[in-house]
Amino acid sequence: MFHVWTERALPADITAAFDGLADMIGPATDTPEDPLQAIPAAHGIIAAGGVFGPAAFDRAVSALVLSRTGIGYDKIDVPAATERGIAVCNTPDAPTISTAEFALALLLSAAKKLKTAEHALMTSENKPRDYYKEHEAIELYGRRLGLVGFGRIGRYVAKVAQAMGMVVAAYDPFVEPAQAAELGVELRPKMADVLADADFVSLHLPLSSETYRIVNADVLAQFKRGAMLINASRGGLVDEAALEAALNSGQLSGFAADVTDPEPPLVENPLLHRPDVLITPHVGSATAAGKHRILTAAVANVAQVLRGERPRDLVNPEVWPRVEERLRALRG
């Protein structure tokens, strides 16, 4: 019988996939002082938002697989896992719809200036105001949306934005122009080409050493003046000090994000207190349907590995022969 450690408690209907294969340990078996107390016994790990680096993997002496509940694995030290013979998986398809819908909600909230409208009510001091005259939102029909990153979520956002009458262009060096053209999206060769004429820019990139603070002062200067920025990907993509300066100067007219750096944001973060900024606490995929798909996929990854089957969403495929070898040794 295998053992599976989970960072968060999982519903019984999802863990049923382990019946006869593995039992669950953690988080109930862990303590606040030692949240990884049970992990040395775990053959499988289901990770949520925690950081797994060399120290954590050194404790996970029995682990064969770590499955991340989401797309991004920037908090997982994949080379450290590979070195120890641990397969790393993610769930790239599961959060797509919920996260894309949330990105679109951020886009609409920014365009319609909902935070500004709410702020007007909160600061009215019960005095008569002509809110209709004061408020001036943006109609999205005919506006240009620039997507930086054109993967699963970016493509879903593009489809809905086009249905609202927006014109969509994208930058993604890993996508062929023909793929974008099939969806009616112009794929441009440089990120600056997308930023130059976009009324709204939405980020759909993974966080890596190459993309960390990719939206910095120099890049913000390439935006169309008065554009709005949307980020439902990773907070580390944006230099928040440069962002604040761009908002102050009018280079950007608004920002809406589900992610920050650090996360959650510090309460004294000035962006939280601006009427032209909307920030939510990384809950983009947190719908009932989204959570169920994500957890089901994460559990399926672990179950497949423990059965000796190579999972589809394997981040470090080079480790698989070693995982198979370790499984054979466990089975004698």
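This is a predicted model: local features need pLDDT of at least 70, side-chain atom pairs count only at pLDDT 80 or more; totals for chains, interfaces and linings use all residues.
**Entry 1: helix α11**

Residues are numbered from 1 along each chain as its sequence is written, and side-chain values use heavy atoms, with hydrogens and water left out.

Which residues of α11 are buried? I find Glu 240, Ala 242, Leu 243, Ala 246 and Leu 247, with buried meaning under 20% relative accessible area, exposed over 50% and partly exposed in between (1.4 Å probe, protein chains only). Viewed down the axis of α11, these buried residues fall within an arc of 155 degrees, so they line one face of the helix; the arc is that of the directions from the helix axis to the C-beta atoms. Ala 241 and Asn 248 are exposed on the other side of α11. The buried residues of α11 pack against α10 (217-220), β10, β11 and β12, where contact means heavy atoms within 4.5 Å.

**Entry 2: helix α7**

I then turned to α7, whose 12 residues reach 17 Å from the first C-alpha to the last, close to the 16 Å expected at 1.5 Å a residue; the expected span is 1.5 Å times one less than the number of residues. Ile 153, Gly 154, Val 157, Ala 158 and Ala 161 are buried in α7, and seen down its axis they fall within an arc of 135 degrees, so they line one face of the helix. The face turned away from that buried side carries the exposed residues Lys 159 and Ala 163. I see the buried residues of α7 packing against α4, β6 and β7, and just after α7 there is a positive phi of about 95 degrees at Gly 165.

**Entry 3: nonpolar cores**

A nonpolar core is here a set of buried Ala, Val, Leu, Ile, Met, Phe, Trp, Tyr and Cys residues joined through side-chain atoms within 4.5 Å. I find 29 residues in the largest one, and those with the most contacts inside it are Leu 145, Leu 147, Phe 150, Val 157 and Phe 200. The elements giving two or more residues to this core are α4 (96-111), β6 (144-148), α7 (152-163), β7 (167-171) and β10 (227-231), and α4 gives the most, with eight residues. A second, separate core has 25 residues, including Ala 198, Val 238, Ala 246 and Ala 257. Leaving out residues up to four places away in sequence, I list among the residues that Phe 150 touches Ala 158, Ala 170, Tyr 171, Val 175 and Leu 183.

**Entry 4: the loop between β11 and β12**

Where does Pro 262 lie? I place Pro 262 in the loop between β11 (252-257) and β12 (277-279), and the peptide bond that reaches it from Asp 261 is cis, with omega near 5 degrees. Pro 264 lies in the loop between β11 and β12 as well, and a cis peptide bond with omega about -5 degrees joins Glu 263 to it.

Arg 274 is found in the loop between β11 and β12 too, and I note it as buried, with a relative accessible area of 16%. Its side chain makes a polar contact of 2.9 Å with that of Asp 276. Not counting residues up to four places away in sequence, Arg 274 touches Lys 115, Glu 244, Leu 247 and Asn 248.

**Entry 5: positive phi outside glycine**

I looked up Glu 125, a residue other than glycine with a positive phi, near 55 degrees. Glu 125 is in the loop between α5 (114-122) and α6 (131-134), and counts as exposed at 59% relative accessibility. His 282 also has a positive phi near 55 degrees; I find His 282 in the loop between β12 and α12 (288-306), partly exposed with a relative accessible area of 33%.

Terms used: Helices (H or I, at least four residues) and strands (E, at least two) are DSSP runs, numbered from the N terminus. A polar contact is a pair of N or O atoms within 3.5 Å; within protein, one must be able to donate a hydrogen and the other to accept it, and residues adjacent in sequence count only if both atoms are side-chain atoms.
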